[in-house]
Amino acid sequence: MKIVVMSDTHGDAEVIRLVREQQENSDLLIHCGDSELSYDHPHLANVVRVRGNCDYTDNRFPDEEVVSQGDVKIYITHGHLFQVKSSLLPLSYRVKEIGANICCFGHSHLLGAEMIDGILFINPGSLLMPRGRREQSYVVITVEDKAYKVECFTRQGELFETLQFAC
């Protein structure tokens, strides 16, 4: 299974289109909030999307989503409701409550991937205004038999980092 995760595009609909074209053979597209687009924007069609702190003009965005595919359960939120800029602890409590294997979130604009208590936490960074590094980024997670492969891509579709995590 191939999962594309992006966040914090802040009104740049074109970059969402670019990512979709670059990763057209993906199984699941996720936007972790702060798209600043309308919920029914054409570039968000067939994208699992949640409300970010800047998505206040369209009330149709949910605060969280849960997607299950096979044995994989993915929890998606923006992160601002869990104070992710300070700690992942409140978010980890929610993910454990849901029983998810993967947690996708944004808000801090900081690209990161880590395993905590057997749960893969992914922040794809920002495709518009990254923090902590130069690359405007998104992430592709490939779920394999007993591993997660996390690939980090630039806005232009260039792979710049690959991480492996055991399931």
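How many salt bridges does the count come to? The count comes to twelve salt bridges, a salt bridge being a side-chain nitrogen of Lys or Arg within 4 Å of a carboxyl oxygen of Asp or Glu. Side chains of opposite charge can pair when their charged atoms come close. This is a predicted model, in which local features need pLDDT of at least 70 and side-chain atom pairs count only at pLDDT 80 or more, while totals for chains, interfaces and linings use all residues. Residues are numbered from 1 along each chain as its sequence is written, and side-chain values use heavy atoms, with hydrogens and water left out.

- Arg17 and Glu21 form a salt bridge of 2.3 Å, N to O.
- Both residues belong to helix 1 (residues 13–22) and sit four residues apart, about one turn of the helix; helices (H or I, at least four residues) and strands (E, at least two) are DSSP runs, numbered from the N terminus.
- Glu14, Arg17 and Glu21 are linked in a network of salt bridges.

**Pairs between separate parts**
- Arg94 and Glu64 form a salt bridge of 2.6 Å, N to O.
- Arg94 is in helix 2 (residues 89–98) and Glu64 in strand 4 (residues 64–69), so this pair ties together parts that are 30 residues apart in sequence.
- Lys96 and Asp117 form a salt bridge of 2.7 Å, N to O.
- Lys96 is in helix 2 and Asp117 in the loop between strand 7 (111–116) and strand 8 (119–124), so this pair ties together parts that are 21 residues apart in sequence.

**Exposure**
- Asp117 is exposed, at 61% relative accessible area, where buried means under 20%, exposed over 50% and partly exposed in between (1.4 Å probe, protein chains only).
- Lys96 is partly exposed, at 42%.
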